[in-house]
Amino acid sequence: MSVPAAPGTAAGRPGAAALLAPGRCRVVGVLNTTPDSFSDGGRFLDAGAAVERGLALRAAGADLVDVGGESTRPGAARVDADEELRRVLPVVAALAERGVPVSVDTMRARVAREAVEAGAVVVNDVSGGLADPETPAEVARLAERYDVAYVLSHWRGHSDVMTSRAVYGDVVAEVERELRDRLAAVTATGLDPRRVVLDPGLGFAKVAEHDWALLRALPRLVALGHPVLVGASRKRFLGALLADGGEAPPAPERDDATAAVSALAAAAGAWGVRVHEVRASAAAVRVAAAWTTPAPDGRAPRHAAPHVPPHVDEPVHETPRSSP
């Protein structure tokens with residue numbers, strides 16, 4: 001899927017076309033400018049510290065730095081648009097000025113617009129346009145001038161209600177259907193479907209069993225024909241796995257498991273992985289690329305990733321529990 005650069009894109013400004021071009025799995029570095037994010041809340045509230053962190057993520061191998069000013073962890077309270085803009089705009093602008101490809105993690109059309117005008121090339125909307133229906137329409141308008149992409153995530157409600165909505169008969173089939181429905185809605189606003197990345201929304205209205213089922217079904221989601229972003233980094237389902245029946249390790253101690261998911265997601269065809277610590281995942285996706293790249297004679301490599309049939313997962317029946 002090739003994405004044309006917008007005719008009015010400023011010379012030298014990094015754009016979405018290069019990010020969405022075929023190639024190895026992209027690594028998206030997480031940069032939270034919030035006091036209450038589940039993993040790193042409060043570390044980068046100061047704009048200067050946030051910019052330094054963004055530069056460090058880029059130096060460690062991030063293809064894109066995702067700047068967010070509103071926590072979406074389970075139970076988090078929303079902030080108003082003015083506060084969200086105060087947190088993200090100086091960071092987006094400073095990183096873009098230094099040539100770092102930047103995305104803005106927001107559910108608001110106004111924040112998306114001002115961040116793109118400040119230099120962001122991707123709008124990462126975890127609500128898939130449900131929190132603010134104007135967001136995909138705003139991105140469609142912005143794409144007439146800027147080379148910008150839109151990440152559409154699977155979502156069933158804000159942080160205060162999403163755990164209660166983690167109820168599925170067949171999680172893979174339902175997430176696939178709901179992503180298709182949202183894709184139809186956002187492209188109806190005029191947004192070029194070639195600019196849309198899909199995200200299964202791990203941990204958003206999902207419990208651990210749902211997250212694992214969706215990861216196993218990545219080839220099926222990739223087959224929808226759009227780039228797929230996987231955001232597993234440090235999430236609760238990884239903590240539960242590592243706890244092995246005991247106490248879950250703190251979020252920063254889940255980075256090795258995150259890198260393992262990055263390698264497997266890349267081998268399964270994911271376009272990108274969104275991670276807090278970049279270096280290990282940057283190495284992991286390169287290993288996956290070498291592992292799965294066909295040999296020069298056109299044959300598959302000896303250790304190519306196995307094909308996963310599209311319907312390998314049994315339906316998952318769950319009552320709501322604490323969301324990963």
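Reader: What makes the count of cavities come to five?

Author: A cavity is a set of points, on a 1 Å grid over the protein atoms alone, where a 1.4 Å probe fits but cannot get out. By this rule, and with 30 Å³ or more required, the count comes to five. The model is predicted: local features need pLDDT of at least 70, side-chain atom pairs count only at pLDDT 80 or more, and totals for chains, interfaces and linings use all residues. Residues are numbered from 1 along each chain as its sequence is written, and side-chain values use heavy atoms, without hydrogens and water.

Reader: What volume does the largest cavity have, and which residues lie nearest its centre?

Author: Its volume is about 60 Å³, where a volume is the space filled by probe spheres set on the grid points, joined across faces, edges and corners. Eleven residues line the largest cavity, with Ser-71, Thr-72, Met-107, His-158 and Ser-159 nearest its centre; a lining residue has an atom within 4 Å of a point.

Reader: Why is Gly-231 called buried?

Author: Buried means under 20% relative accessible area (1.4 Å probe, protein chains only), with exposed over 50% and partly exposed in between. Gly-231 has 11% relative accessibility and therefore counts as buried. Gly-231 touches Leu-202 and Arg-274, leaving aside residues up to four places away in sequence; contact means heavy atoms within 4.5 Å.

Reader: How do you know that the buried residues of α4 line one face of the helix?

Author: The buried residues of α4 (residues 109–118) are Ala-109, Val-111, Ala-112, Ala-115 and Val-116. Seen down the axis of α4, they fall within an arc of 160°, so they line one face. The arc is that of the directions from the helix axis to the C-beta atoms, and helices are DSSP runs (H or I, at least four residues), numbered from the N terminus.

Definitions and conventions. On a 1 Å grid over the protein atoms alone, a cavity is a set of points where a 1.4 Å probe fits but cannot get out, and a pocket is an open set with protein on both sides within 12 Å along at least five of seven lines; lining residues have an atom within 4 Å of a point. Helices (H or I, at least four residues) and strands (E, at least two) are DSSP runs, numbered from the N terminus.
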